[in-house]
Amino acid sequence: MLAFFPFSPYAVQQEGVSFLKRCIANKVPAFLDAPTGTGKTAMLFHTAWDWINSLENLVGAHSKVESVQSGASTKLGSVNKLPDWAVDASEQAAAELVSASRRINRAFVGQLLHIAKSYANPDALKTLLEYASKKHTDPSLTAEPLRKQAAANSYSFLFAFLGLDKILSPDTYLSLTQSHSAIDGRGHPENGATGYLGKGCVLLSTRTHAQIAQLVEAFRRFRGIIEKQGPQKFDFSTAPVVSLAGRDTYCLQSSSGADLEDLGELCEDLRKNSRCNYYSPAKVLVGTALCLSGIHSPSAFRERCSALGVCPYYSARHAAMHASVVLLSHAMLVEELHGAAGSLGLLESAPLLLLVDEAHAMPGVLDAWNSCTVSEDDLDCFIKALNKYLLQTRLGLPNPTARLLDRLATVLGIIRKYLSKTATCDVLTPITELLTSLRLRGFDFCEALNLLLLNRIPQKLCGLCKESDMTDKPRQRIYSVVSMIRILAEIDTRELYKTYVTGDRPRALHLYKFSSPVDSKTRSPFRRLFSTSRDGRRDYEAQICFVSGTLGPFSYYSRELLGQPADPNSCCSIDHVAAPSRTLIQQVSLTTKATGQQKALFVASSWTPEQVDVVFQNIMEIAKSGRDCTGTLVFFPSYRIVEKIRDCFLIFSASLTNKSVPAVFFERAGESVDKLMETYALALGSSRCILCASAGARVSEGLDFKDNLCRRLVVVGIPFPNLGDPIVREKHRQRGEQFLMDHAFTLVNQCMGRGIRHKDDWCSFILFDSRFAEHTERLSSWIRNRVQPVDSIEGAIERIREFEATFA
């Protein structure tokens, strides 16, 4: 029985949950391909709480509370060379430490819940703030004035007054809430904080804040169901769930007309100078308690904090250190994996369960982290602002500092001159070669970066740009140059970066980090969670589960996310909850004779007007074969093909006299998808509709085309990546045809997932390309097991009519 599953599970859900549990128990990463509609969120909910419950039930919970403050590590990588009895003893000690840490965590969270009940209203909070403001002038107000205290911090009085210091020291609490260093990205928590993090934590990441809100709503609903089924099973209140978001979502200053581009600098300046109306130790402590008192979406928590007058951004960040489950975006998870400036150090929790939902999007997030683009205008902006800064401050700067900044301006000027003189070139050049040719190998970019960050010079340059109206988007321009300097400062990995130049005027320099063919650790930041056991077997200090509706081919994701071949024992693709009778998947070959041989139609650069017309007419016939007020979703290999189809439609529609022809909509680069979807859904109320989109673009990922929004789904051609892109060419050179095929079928599987959204949904699919028949093993299992080859488009349309008639 699945104790934390909110409803009676289907067989495929049982299979998925059992697979995740087995991988977690065996300490191997899990790749679960669970089609949309199979209850991924319910499986993640059960997996998270089942794992947390296992921590609660650990044996050997007799260790003293003081041991938690000792800072002993719960990671076992250091005992790999010990004999078995020593390893067993270490594991027992680790289990006892986890149990003791969780007892302290439960007690501290319980006390914070009482604070939320007592002070999470404006009047009570006002009283607390007034009392706290008098503590310096009247020492008699302190709860225990004679207690010998260590060096006081901003939470010392509050902890003493509220009785929190009997559970957790204010110094430990303050250490937990410190962001990682802006210089090297690594925090240095004191020993008590390290021990407290031994309570264990589940990190659940997904792609967007909107999807975090969906997870919150589902978790809240599932938790209510479980509590009604058996309230004695688990006390959810002492194992809280916290949602993290960025300043752009949480910061209340953004509602006061502040420039979102400079929100981070504004927040830091107001907070450090005690000028933020929403930030104070008392307010943040009450906000932390409020955050832990329920499961809040980012928008709902922001609204509650706004009514209370407390900072939701720092309240949520503080609460995350005490939560049992933390919900965050993929981008925030990557920052944690890299220990980036401003990250919380959530990966320091041990044990740690990492659940990556929508894992198919993670390679793109990693690519964004590993790349940088800086233009001529960006460099001009930075150099002008830096020279102005030196002009204003030179007399007050130490000579070494002034000389280094002068030299940095000169170096950036050399790079700027290189860009202006270099013709657009899509040939990749190793960054070390570029620095050598520019005679910049001897410049210490690391020292320059540290100087910039220590003295907050980028923020000051942004201010100078705004004062002088130097350019638009000054913060974006300044920090693109800072990102380039950061890459050039990475001496250990700098040789993995390659560059190329694009554009006419202004030209841009692109930097991209490639994997090392020798050292696989460079492939992914997830590698920092690996260790090696005594027998050479790889263990995972964090237990990792990658889950998505379309996570195939597994070989592609295992290589992109873990830098290693896929292990069949750690990969599972479950069937769809929708019965096979509710889908019709056909493969049709559309070819034309060419010099006596069969030539595939679907080469994007070579489509002739006649071929475009043939494809368009066939799609129109497919759409007309369906019921009234139903949609046909069509995916093409690229925007370029979508535009060719659109041109064909415009010519076709100009001669239309028959109003029964389906309405046709097109996804276009740069246009609003939300508006497109709204118009498309509205038109379906009165006619058949066709929506033409590009594979891999916005429509193909994350949108819900349930029921009549998509009764027919067509994939035209195989969307291979553009070999005109130098990044794609280099990856192709390194990995061969496997890279092209994996990339293309990743997009195909994602497109196919739009058609069936729940167990009672139904849809017919057509795969237009003879090559699909040759590569069915690359399709998701629920698709490849149902593919039926068809000889002609006429036969396919007839079968669609028969299929849809069964649902009349």
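User: Before we dig in, what pLDDT do local features need here?

Analyst: Residues are numbered from 1 along each chain as its sequence is written, and side-chain values use heavy atoms, with hydrogens and water left out. This is a predicted model where totals for chains, interfaces and linings use all residues, side-chain atom pairs count only at pLDDT 80 or more, and local features need pLDDT of at least 70.

User: At what angle do α17 and α19 cross?

Analyst: Helices here are DSSP runs (H or I, at least four residues), strands are E runs of at least two, and both are numbered from the N terminus. Axes are lines fitted to C-alpha atoms, for helices over the stretch in contact, with angles from 0 to 180 degrees between N-to-C directions. The axes of α17 (residues 399-421) and α19 (residues 445-454) come within 10 Å, and they cross at roughly 115 degrees.

User: How is α17 oriented to α19, then, in words?

Analyst: Angles of 65 to 115 degrees count as roughly perpendicular (under 35 is roughly parallel, over 145 roughly antiparallel, the rest oblique). That makes the orientation of α17 to α19 roughly perpendicular.

User: Which residues of α19 make the contact with α17?

Analyst: Contact means heavy atoms within 4.5 Å. On the α17 side, the contact is made by Thr401, Leu404, Leu405, Leu408 and Val411. Their counterparts on α19 are Phe445, Glu447, Ala448, Leu451 and Leu452.

User: What is the bridge partner of Ser375 in β9?

Analyst: β6 pairs with β9 (residues 508-513) in the antiparallel sense over five bridges. In β9, Ser375 has as its bridge partner Ala508.

User: Is Glu358 buried or exposed?

Analyst: Glu358 sits in the loop between β5 (352-356) and α15 (362-369), and has a positive phi of about 50 degrees although it is not a glycine. Buried means under 20% relative accessible area, exposed over 50%, and partly exposed in between (1.4 Å probe, protein chains only). At 14% relative accessibility, Glu358 counts as buried.

User: How does Asp707 count by relative accessibility?

Analyst: Asp707 lies in the loop between β19 (689-694) and β20 (712-716), with a positive phi near 55 degrees. Its relative accessibility is 27%, so Asp707 counts as partly exposed.

Conventions: Two strands pair if DSSP finds at least two bridges between them.
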